[in-house]
Amino acid sequence: LVSSGGLKMSGGTRLENANPVIFQRSGERLLTASEEDEDVHDPIDDREIFDILSINDPEHPLSLEELNVVEQVRVKVNDAESTVGVEFTPTIPHCSMATLIGLSIKVKLLRSLPDRFKIDVHITPGTHASEEAVNKQLADKERVAAALENSSLLEVVNQCLSTRNI
Amino acid sequence: MFPSAFFFLDRRLSLTSSQPHTRARGVQLLSEVLHECYGNLTEREVEVLIAFYENRLKDHYIITPPVLQGLRALTKCTVLPPGSAVSMLRSLFQDVHVQSLMLTERSCVYNMLINLMETREAELKGLGADFVFGFVQSMDGERDPRNLLLAFQIAKNIIHRGYDLGKFTEELFEVTSCYFPIDFTPPANDPHGITKEELIEALRAVLSGTPKFAEFLLPLIIEKLDSDVQSAKLDSLQTLTACLSQYEHKDVAEFLEGLWTSLRREVFQTSSERIESAGLAALTTLTSCLSRSVLNSDSEDSLSTFLDLVLKDCKHHLCEPDLKLVWPSAKLLQAACSASNRASHIITAAVMPSLIDQYSSRTQESVFSAFRESLCSMVFSALSETNSSLQITATSMLTSLAQQTGLLLDSDIELAVDHLTRLLLTEEDDRVSLAVVECAGALAALHPAAFITKLIPRLKTEIVASEQYSHHAVRQRCLSALAAVSTQPSIVRESTPVLLEVLSSAHTGNLVGFSVEEVVLACRSLQRIAEQVQDTEETGQCFHEVIIPRLLSLALQAALQGLSGFLSGCFHVVRLAGQTASRAVSLFLDGDVSFLPDNSFPSHIQLLKQGDSWSQSQMVCLLMGCVCSLPRSVEVPQIDQLLSQLEEMSCTCSHPLSYTSAAKCFAGLVNKRSQGDSLDSLIQRTTKRVCSELDSTSSPVRTQAFTLMIWVAKALLLRYHPLSTALTDKLFSLLGDADLGAMAADGFSLLMSDSADVLNRGCHADVRIMYRQRFFSENSAKLVQGFNAAPQEKKPNYLKALSNIVNKLPKQETVLLLSLLLEALLCPDQGVQLSTLSCLEPVLINPPPALIQQLEALVSRLLALICSSVRIASLRCIHALSRFPEHEILPFRARVLRALARPLDDKKRLVRSEAVQARGEWFLLGSPGGR
C-alpha cells in the first residue's frame with residue numbers, strides 16, 4: 001500500500017505507477033564473530049536501522065528497499081547521541097502516498113528503537129513536489145499522534161508494517 | 001372352414017352394430033380367432049378377410065387396434081393371395097397414422113411389415129419407393145426402444161435386401177439417424193431386457209448399411225465427434241469404422257479433411273484409452289478404404305491426398321525438440337501405415353529419413369561445437385585473470401563445458417588441467433582454490449587420463465619431493481585436490497600411493513615441516529576417496545590389501561614411538577575396512593603383526609592390556625573402527641575373549657579416550673550379538689560389575705564404570721533389549737548423585753541422540769524405530785516422580801535430563817510435559833533454561849489448549865528471561881506467542897510491549913533484532929489492519 005511506486009490511490013482504482021523500477025535487495029547481513037561474542041557491545045548502526053525499515057508492501061510483494069524508496073546511504077544513526085535520520089525518496093515526484101510512506105517509516109522506528117532516540121524522517125531533498133509540507137507534517141509530533149488516532153490511517157500503516165502475508 | 005362360417009353369421013350382428021365399441025369388440029374377437037387359426041384359412045377366405053379389414057381401417061379409430069391385430073395374423077398366412085400384400089400396405093399407409101397409435105399397435109404394424117418382407121419381398125419391391133416412404137412415415141417419431149429395435153430391423157432389411165430407396169434416401173437416413181448416437185439407460189427393473197448395446201448395434205447396421213448414406217452420415221459423425229460425451233465419441237468412431245468398411249473412396253473423398261481433423265484431435269488430446277484405440281482403428285479402416293479404390297484415369301489418388309494430410313500434421317512432431325506429441329503422432333502414423341501395403345510404402349518413405357536423421361542428429365555432438373574454440377579461449381583467459389570472481393565463474397563454466405558430451409578435445413582438457421594445476425599451486429584466495437578443487441573433481445570424473453598424466457605427478461612432486469619451500473597451505477590444497485579428483489578407480493590407483501607416502505614420510509620425519517594437521521588431512525582425503533570412489537572389486541581390494549594394513553601399521557608405529565595425532569585421522573578410514581576385521585582382532589588380541597607392511601614390530605605386543613602407555617591403549621579406537629562397522633551377519637572371531645578384554649580395559653584404564661573407545665567398542669559388539677542366554681549372562685555380569693563400582697563412592701574408576709554403563713545402556717535400548725531397564729534405572733538413580741549427577745543428566749542426551757562413530761544405522765547397528773518415544777513413554781513418569789521427590793538443589797539435574805530427552809522427541813510428546821517445562825523455566829541453570837526454551841518454541845507455533853490455560857505463568861516466566869543470557873530464545877518464544885488466538889493474548893499486550901522496550905536497547909545486535917521483530921508483531925495485535 002505504501003510505496004509511492006505502484007500504489008493504488010486509497011479508494012480509487014487508478015494505478016499511479018503500475019510498473020515500478022525494482023532494485024536488487026542487499027543481501028542478508030552477515031554475522032560476524034564479534035556479534036556472537038556476548039562481551040562485545042554492538043552499537044546500533046545504519047545497516048541495522050535500514051534492516052528494520054525493510055517494510056513490506058502488501059499489494060506489491062516488494063519492500064521499500066526494492067523500490068529504492070529507502071536506501072542505506074540515506075539512513076544516518078548516531079547511537080551515542082541517540083539520533084536517527086532517514087531520508088526517503090518517493091519514486092515519482094507527485095506521489096500522493098509520500099506522507100503515508102513517511103508515516104509508516106516513522107511508526108516502524110518508534111516501535112523498534114529505544115525511547116532515547118530522536119527520530120527524524122524526511123523526504124530526500126528535491127525529490128517530491130510538496131516536499132516541505134510533507135516534512136513538516138512528519139516532524140510535527142502532535143500531528144503524527146493525531147494521525148495514528150485515525151483508525152483507517154492506522155490500518156493502512158499497520159498493513160504496511162505487517163510481515164504476515166508475505 | 002365350418003367353424004369360421006358359423007362364427008361370421010353369429011357375429012354379423014355385433015360387427016354391424018351402430019355402436020363403435022360393440023363393433024370393436026366384434027372385430028377384436030374375430031382377430032383373436034384368426035390369430036389362433038390363420039394356418040387353416042383358404043386363399044379365398046383370406047381375400048375376403050383382407051377386404052373386410054381394409055374396409056374396417058376406414059371405420060372409427062377405436063376399431064383400428066383390433067383390425068391391425070387381425071391383419072397381422074393374416075400376414076402370417078402362407079396362402080396370401082397375390083397383390084393382397086400391396087393392397088394391405090397401401091390401405092395401412094393411407095388410413096392409419098402409426099405414431100398416434102398405442103405402443104402395442106405400433107409394434108403390430110412393424111411386425112406386419114417384417115412378416116411381409118419375409119414372405120412377399122418381390123411384391124413389396126413392386127411398391128417401389130412408396131414402401132420406403134410409407135415406412136418412413138410410420139416410424140417417424142417412434143420412441144419406444146422395443147419398437148425401435150423392430151423399426152431398425154425393417155430399415156436394415158430395406159437397405160440390405162436392395163429395396164428401391166428412390167428419392168427417399170435422405171428421409172430414411174433422417175428418420176433413423178436422429179437416434180444417433182444412442183443414449184439409452186434401461187429402467188432399473190426393466191422386464192424387456194433391451195440394452196443400449198443392442199440398440200447401438202441395430203442402428204449401426206442401418207447407418208453403415210449403404211454408401212448412399214455417406215454424404216449424410218459422415219458430416220453427422222464429424223459433428224458428433226465434437227461432443228463432450230465420451231460414449232457418443234466412442235459410438236461415432238465405431239460407427240465410422242463400420243461404415244468405412246462398406247464405403248469406397250469416392251464416398252469419403254469430400255470429407256477426408258474433416259474426418260482427419262477429428263481423428264487427429266481424438267488421438268492428440270485423448271481422454272481415454274478406448275477412444276484413442278477406436279480413433280486409431282477408424283484411421284486404419286479409412287486408410288484401407290482409400291487404398292481399395294480403383295483409380296480412374298482422371299481422378300486423383302485420394303489415398304495419397306489423405307496421407308499427405310496425415311504426414312503434414314504428424315511428421316513434424318517427430319522432430320519437435322519437446323517430444324510432446326511424438327508418441328501420439330507415431331501411433332497415428334502406425335495406424336495409417338498398417339492399413340495397406342501402399343499406405344505403408346508412402347508413410348515409410350516420408351518418415352524414415354527424418355527419423356534416421358533425428359537419431360543421428362540427437363546423438364550428435366553438442367550445439368556448442370561451433371563455438372568450442374572461442375568458448376575455450378574465453379575460459380582459459382578468464383582463468384588467467386587476477387579477478388577472483390571471474391576465475392570462479394570460469395571454473396564453473398569449464399565444468400559445464402566438460403559435461404557437454406564430445407565437445408572438448410583432448411588438447412582442451414590437457415590445457416584445462418594445466419590451468420587448474422597452476423591455480424592449485426599458486427592461488428592464495430580460498431574461494432578460488434575451493435572452486436578449482438571442485439572443478440578438478442568434476443573434470444576428473446569425465447577425463448581421468450589427463451589427470452593421471454599431468455595433475456597427479458605434479459602434485460606429488462609438490463607434496464613429497466620439494467624441500468621446505470613448499471608452503472603449508474599449498475600442501476593442504478594439493479591433498480584436498482587429490483581427494484577430489486579420485487572418483488575413478490584408475491585415478492585412485494595413482495593418487496592413494498601419494499597420500500600413503502605422505503603419511504609414512506611424515507612418520508619417519510623425512511619431510512620437513514609436516515604438521516599433525518597435514519597427516520590428519522591426508523587421512524581425511526583417504527576417507528573421502530573411500531566414500532566417493534566407484535565401488536569396484538579393484539578399489540575394494542586396494543583398500544583392504546594395501547591402504548588399511550598400511551594405516552594400521554603406521555598407527556601402530558606411531559603408538560609404539562609415542563607419537564600422537566595420527567589416530568583420529570586413521571579412524572575414519574579404518575571404519576571402511578570390513579574384511580580386515582579378523583586380522584585386526586588377531587592383532588589386538590594376539591599381537592599378530594604379520595599382515596602389516598614394514599614389519600619391524602616386536603612380536604608380542606599387547607594392545608588391550610593396561611600397559612604402560614596410553615598411546616598404545618588408545619589404539620583401541622581403531623579396533624572399534626574395524627569391528628563395529630561390520631554387518632550383523634559377519635561373525636567377529638574370538639568374540640568372547642574380545643568382549644571380556646574390552647570390558648576389562650574400559651573399567652580399569654585411566655586414559656579417557658582409551659576407556660571410552662573400549663566402552664563404545666564393547667557396546668557396539670553387544671548391540672549386534674544375537675539374542676540368547678550367552679548375551680543375557682554377559683549383560684548381567686557387566687551390569688553387576690558396573691553397578692558395584694558405581695555404588696562404592698570411593699571407587700577410583702566410577703567415571704569409567706559410568707561410561708561403560710551408559711554405552712551399554714544405549715546399545716541395549718536401541719535394540720529394545722529388556723535388560724536395558726536395569727541400566728537406565730541406574731542412570732535415573734544417579735541423577736541424585738553428588739559427583740555423577742550432572743554427568744548422568746548429560747548422559748540422557750547421549751542415549752537419545754545418534755552417535756557418529758558407532759551404534760548408528762551406517763554401522764549396521766540394530767536400531768529399532770521409535771526407540772526414543774518408547775523410552776520416553778516408559779520413563780517419563782519416573783522422571784517426573786524423581787523430580788518431585790528430589791531436594792531443591794538436585795532438581796536442575798532432573799530438568800536437564802528431561803530437556804535432553806524432550807529435545808530429541810517429536811513435539812506431541814512434549815505436550816505431556818508442559819507443566820514440567822514451565823517449571824523448568826524457573827530453574828536457575830542456564831543450560832536448562834535454554835533447552836527448555838528451544839523445546840517450547842516449536843510447541844508454541846501450534847499451541848495445545850492446555851498451554852493456553854497456563855498463559856499467565858508462561859508469559860511471566862518468559863518476560864522474566866528477556867534480559868538474561870538466554871534472552872534470544874526467550875524473545876523468540878514471545879514472538880511465537882503473538883500468533884496465539886487474539887482474544888487469549890490481547891490482555892497481555894501492554895505488558896509485553898512495555899517489557900520488550902528494554903531489549904530494544906540491548907548491547908547485542910542479535911538480541912535487538914529479535915526484540916524488534918517480536919515487538920512489531922505484538923504492536924500489530926488488536927490494532928486496525930494488524931491482525
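How many salt bridges are counted between chain A and chain B? In this predicted model, the count between the two chains is 6 salt bridges. One of the pairs that meet in this way is formed by the side chains of A:Asp42 and B:Lys908, with a distance of 3.2 Å from N to O. Polar contacts were also counted, and 17 residue pairs of chain A and chain B, both at pLDDT 80 or more, are joined in this manner.

On the side of chain A that touches chain B, two or more residues come from each of helix H1 (33-36), helix H2 (46-52), helix H3 (98-112) and helix H6 (151-161) of chain A. Among these elements, H6(A) gives the most, with 6 residues. When the residues on this side of chain A are sorted by class, 13 are charged, 10 are nonpolar and 8 are polar. In total, the contact takes 31 residues from chain A and 20 residues from chain B. The area buried between chain A and chain B amounts to about 2,200 Å², and carbon and sulfur atoms give 46% of this area.

Empty space in the model was examined as well. Rolling a probe the size of a water molecule over the atoms shows where such space is left. The second largest pocket holds about 580 Å³ of space. A total of 24 residues line this pocket, and A:Lys106, A:Leu110, A:Phe117, A:Ile119 and A:Lys141 are the closest to its centre. The element that gives the most to the lining is H3(A), with 5 residues. By class, the lining of the second largest pocket comprises 17 nonpolar and 7 charged residues, with no polar residues.

Two features of the backbone remain to be described. Most peptide bonds are trans, and most residues other than glycine have a negative phi. In chain B, however, B:Phe180 and B:Pro181 are joined by a cis peptide bond, with omega at about -10°. B:Pro181 is placed in the loop between helix H10 (169-177) and helix H11 (196-207) of chain B. In chain A, the residue A:Ser82 is not glycine, yet its phi is positive, with a value near 55°. A:Ser82 is found in the loop between strand E1 (70-78) and strand E2 (83-88) of chain A.

Key
Residues numbered from 1 in each chain as written. Chains lettered and ligands numbered in written order. Predicted model: local features only at pLDDT ≥ 70, side-chain atom pairs only at ≥ 80, totals over all residues. Heavy atoms only, no water. Contact = heavy atoms within 4.5 Å. Buried area = accessible area lost by both parts, 1.4 Å probe. Salt bridge = Lys/Arg side-chain N within 4 Å of Asp/Glu carboxyl O. Polar contact = N/O pair within 3.5 Å; in protein donor to acceptor, adjacent residues only side chain to side chain. Helix = DSSP H or I, 4+ residues; strand = E, 2+ residues; numbered from the N terminus. Nonpolar A, V, L, I, M, F, W, Y, C, P; charged D, E, K, R; others polar. 1 Å grid on protein atoms, 1.4 Å probe; cavity = no way out; pocket = protein on both sides within 12 Å on 5 of 7 lines; lining within 4 Å. Points joined across faces, edges and corners; volume = space filled by probe spheres on them.
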